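Have a look at the model first, then read on.

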Amino acid sequence: LQNFFTGISFVFSQFVTQSFGFLYSQQEQIYLALYGEVSEAKALLEQLTLVCGSRPSYREMLQDLQSYVKNDLERIDREPTKLLAEGYTQAELRDPLEKVLYATSVGVPGFVYDTVRGLREARGARLGATQRKLPAAHFVLLNVLAILELSVFPVLSAGCSAVDKPGSEWLPGHILFFHSVLFGLMTAVVVLTLNVLLDLWRPVGETYSIQTILKEMVVGLEQELELRIEAGASGALQLKSSQTKHSQANAVPLDTVTSW
């Protein structure tokens, strides 16, 4: 029975070590992918402002980029496979990045095309990093090993109580007293370890949640998008009013036209 307990403990520790290393490396890949995607989105915003700031569709391009940030980049709670399969809502005709490409695709592809391509590659890296690699059966096996390890310990402890005086096993300083304290500590450590692994397995968990960090990363991007969209709307209104005034100033009155 002692050998069985030792073997179960060894297998459980190996599973926990490998699982934690794999999940932690996946967590690191998610952070790197998010930083890369947010950087590409900011670069696209700057290029749209520099290249397309004077175009009539400038405000629509910014709104498409804002839609991408809200409906794709921040939706880390959705499964990556479902996000790729379902795409966007039916209210949107096509991908917001596709709208930006359509609005800027004039002649030879320029810097905006390269940035959108880089943003799409960063999106693929983010979706691949957030995809769950370990199946649910892996954690079922971990729970079974933990239950076996914890269930064998009281049996071994009951066998060790025979070396102590009868009737005094539960008193402080005796074998069963120490074994009960050790069993409580071991149970707490095993349960805490399994909860940490489950939290790492879910990107939107509680302790290792990425959603809070992502909101802090994109808050500056969202504010800048809103400010530039408002500035683009006011600029479009001023341009329209100036064109109207110019056309009215150049208009020739009908009574001044010479009739032949």
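Which helix does L84 lie in? L84 is part of helix α3, which covers residues 80-86. Keep in mind that this is a predicted model.

**L84 and its surroundings**
- With 54% relative accessibility, L84 counts as exposed, because the cut-off for that label is over 50%.
- Setting aside neighbours within four places in sequence, L84 is in contact with R123 and L127.
- L84 and G124 are 40 residues apart along the chain, and their C-alpha atoms are separated by 9.6 Å.

**How α1 and α5 pack**
- Two packed helices are described by the angle between their axes and by the distance between those axes.
- For α1 and α5 the angle is about 160°, and the axes are 8 Å apart.
- Angles over 145 degrees count as roughly antiparallel, and α1 and α5 are therefore roughly antiparallel to each other.
- As for handedness, α1 and α5 make a left-handed crossing.

**T130, in helix α5**
- Helix α5 takes in residues 111-130, and T130 is in it.
- Is T130 buried or exposed? T130 counts as buried, because its relative accessibility is 8% and the label applies under 20%.
- The T130 side chain reaches the backbone oxygen of R126, at 2.9 Å.
- Leaving out neighbours within four places in sequence, T130 is in contact with Q26, I30, I76, P80 and P203.

- In soluble globular proteins, nonpolar side chains tend to be buried together.
- Here, the largest nonpolar core has 29 residues, and L34, L44, L48, L65 and L225 have the most contacts inside it.
- Which elements give two or more residues to this core? They are α1 (2-52), α2 (58-73), α4 (96-104), α5 and α8 (211-250).
- The largest share of this core comes from α1, with eight residues.
- Take L44 as an example: not counting residues up to four places away in sequence, L44 touches L65, L97, V112, T115, V116 and L119.

Definitions and conventions. Residues are numbered from 1 along each chain as its sequence is written. This is a predicted model: local features need pLDDT of at least 70, side-chain atom pairs count only at pLDDT 80 or more; totals for chains, interfaces and linings use all residues. Side-chain values use heavy atoms; hydrogens and water are left out. Helices (H or I, at least four residues) and strands (E, at least two) are DSSP runs, numbered from the N terminus. Buried means under 20% relative accessible area, exposed over 50%, partly exposed in between (1.4 Å probe, protein chains only). A polar contact is a pair of N or O atoms within 3.5 Å; within protein, one must be able to donate a hydrogen and the other to accept it, and residues adjacent in sequence count only if both atoms are side-chain atoms. Contact means heavy atoms within 4.5 Å. A nonpolar core is a set of buried Ala, Val, Leu, Ile, Met, Phe, Trp, Tyr and Cys residues joined through side-chain atoms within 4.5 Å. Axes are lines fitted to C-alpha atoms, for helices over the stretch in contact, and angles run from 0 to 180 degrees between N-to-C directions. Angles under 35 degrees count as roughly parallel, over 145 as roughly antiparallel, 65 to 115 as roughly perpendicular and the rest as oblique. A crossing is left-handed if the near helix is turned anticlockwise from the far one by less than a right angle, and right-handed if clockwise.
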